[in-house]
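Hi,

Here is the model I promised to pass on.

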Amino acid sequence: MPTSTLKHTPFNAQHRAAGAKLVDFAGFEMPLRYSGDVREHLAVRQRAGLFDISHMGEFHVAGPGAVDFVDRAVTNDVAALEVGQALYSPMCRDDAGIVDDVLVYRFPDHLMMVVNASNVAKDFAWLSSRRPAGVVLEDRSDATALLAVQGPRAADVLRGHVPDAALDLGYYRFFAGPLFGVPAVISRTGYTGEDGFELYFDPAHGAVVWEGIVAAGQPVGLEPVGLGARDTLRLEMAYMLYGNDIDDTTSPLEAGLGWTVKLGKADFAGQAMLKGQKERGLARRLVGIEAEGRRVPRHGMTIERDGRAIGVVTSGTFAPSLEKAIAMAYVETAVGAVGTAVEVVAGTTRIAARVVKRPFYTRGTHR
Amino acid sequence: MGYPNDLRYTSEHEWVRQEGGLVTVGITAYATEQLGDVVFVELPEVGREIEAMKPFGVVEAVKTVSDLFAPVGGEVVEVNISLGDNPALVNHAPYGDGWMIRLKPTNPDEMKALMSSEDYERFLEEQHA
């Protein structure tokens, strides 16, 4: 797609000034990397990183019945959320395929759903088709800037620029308050395995907040981080990438997201099918794969055992924190136990690998 | 970005340097920028015969993988073993310490089919036009 037709986030000028390599991601011109994938990855694990994730979508859901509506749309327990609390959840079809994986925030008078950039139109149509009268569903994606500050020093970066109470927020808690003097939603969430914050605000204030974070982060060695390192960070934690690891044809139970599926709650989309899957057992599961050498199992490669195809790689990367090649793959449950030796078909060669526990990286600071 | 004018180039972003009867092969700065951080380079054994424009190895970066194509055919007489411990040399010094293999060309005339630095720069501009 020619660059001119791509959407820009409020931080496009900052990415260009920082020398980022820009790529098309879900129709947005996004930074793939600034200085280098490994350096950016390690900055987040050791210090702090700044991510532009404004391409993600934000829906506001309000009106009587809003909580019940979202609770029926997703598999996790939205009704149990307190005001000021967020949760991660798959949103399933009736056949248990995953429409999207989302965050749900509970505000005093509405809910906010944060959805994947590639799924904004699909999710909005899906939710609209199920929306009861009285519930107001609004796509505020274009009116919302979103930055993430992630890493063990994330709180140090924001100290003095947000209310002290924001720095005391527990994991998956949030509140509305000033960020560099700008009205914002300050959320202790992230997708890296490290402590950190996700910051929602009006795009009109993009430059103030970006420059503020860069300046405040300079003493602790904060670096801007692109989508390349965002992917290696999430994959070390075995977090899902929609479109790779999960999609309309995979169920959250197969993906190992059983902890987000509350089968005992009131009616929700996919419930009957998910109950059936749990009772019958699963033919395939998403497992962790660790390669022996430095050849990397990549998306789409076949997994073999004793010369027979038993699965397919969904995501793979070199993991900078582990200095190993890792991947996730759907593998037949019967032959995919942890410790199983497998081969990954990489063109004309075979990568020796084995099934390992998820997550791959266990030394993160998230809490 | 300037490309050294003493090298010749392929459309697959390899470079070749002729030194006496041997040629040294590596990948261009453009290639390393597209790949990102290189974490592993799989190279052929010394003594192997490789064919022009056929894959002779693999370069793995964090986010992507690419085949290496032989600019000219010949016998591999040396491989850069220091890439085993330090594959990042490919990023840091693509035309120097990040070289990959040395060949004894079967047919030195194959060099003539490769691009000059000006040709290569024009090729890259056309790719992005």
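Glu42(B) has Val58(B) in S6(B) as its bridge partner. Strands here are DSSP runs of E with at least two residues, helices are runs of H or I with at least four, and both are numbered from the N terminus. Two strands count as paired if DSSP finds at least two bridges between them.

Before going on: this is a predicted model, where local features need pLDDT of at least 70 and side-chain atom pairs count only at pLDDT 80 or more, while totals for chains, interfaces and linings use all residues. Residues are numbered from 1 along each chain as its sequence is written, and chains are lettered from A and ligands numbered from 1 in the order in which they are written.

Back to chain B. S6(B) is also joined to strand S7 (residues 65–69) of chain B, by five bridges and again antiparallel. A hairpin of three residues links S6(B) to S7(B). Glu60(B) sits opposite Val65(B) in S7(B), and Val59(B) has Ser66(B) as its bridge partner there. Together the three strands make an open antiparallel sheet in the order S4-S6-S7 (chain B). S4 and S7 of chain B are at the edges with a single partner strand each, so one side of each has no neighbour in the sheet. On average, neighbouring strands of this sheet are turned by 25° against each other, direction ignored (axes are lines fitted to C-alpha atoms, for helices over the stretch in contact, and angles run from 0 to 180 degrees between N-to-C directions).

As a whole, chain B has four helices and nine strands, running β-β-β-α-β-β-β-β-β-α-α-β-α from the N terminus. Its C-alpha atoms fill a box of roughly 35 × 35 × 20 Å along the principal axes. Of its 129 residues, 37% are buried, meaning that 20 or more other C-beta atoms, placed from the backbone, lie within 10 Å of the residue's own.

Now chain A. One open sheet there has six strands in the order S10-S11-S12-S9-S3-S13 (chain A), with mixed pairing. Its edge strands are strand S10 (174–179) and strand S13 (223–224) of chain A, each pairing on one side only. Within it, strand S11 (residues 182–187) and strand S12 (residues 196–201) of chain A run antiparallel, joined by four bridges; Ile186(A) is partnered by Leu199(A) in S12(A). Helix H7 (residues 206–217) of chain A packs on the sheet, touching S3, S9, S10, S11 and S12 of chain A, and its direction makes about 10° with that of S9(A).

Leu199(A) turns up again in the largest nonpolar core: of its 130 residues, Leu199(A) is among those touching the most other members, as is Val70(A). Such a core is a set of buried Ala, Val, Leu, Ile, Met, Phe, Trp, Tyr and Cys residues joined through C-beta atoms within 7 Å. Strand S17 (residues 324–332) of chain A gives the largest share, seven residues.

Finally, where the chains meet: 13 residues from chain A and eight residues from chain B take part in the contact, with contact meaning C-beta atoms, placed from the backbone, within 7 Å. On the side of chain A that touches chain B, helix H2 (37–46), helix H8 (227–236) and strand S16 (308–319) of chain A give two or more residues.

Cheers

Key
Contact = placed C-beta atoms within 7 Å. Buried ≥ 20, exposed ≤ 12 C-beta atoms within 10 Å, placed from the backbone.
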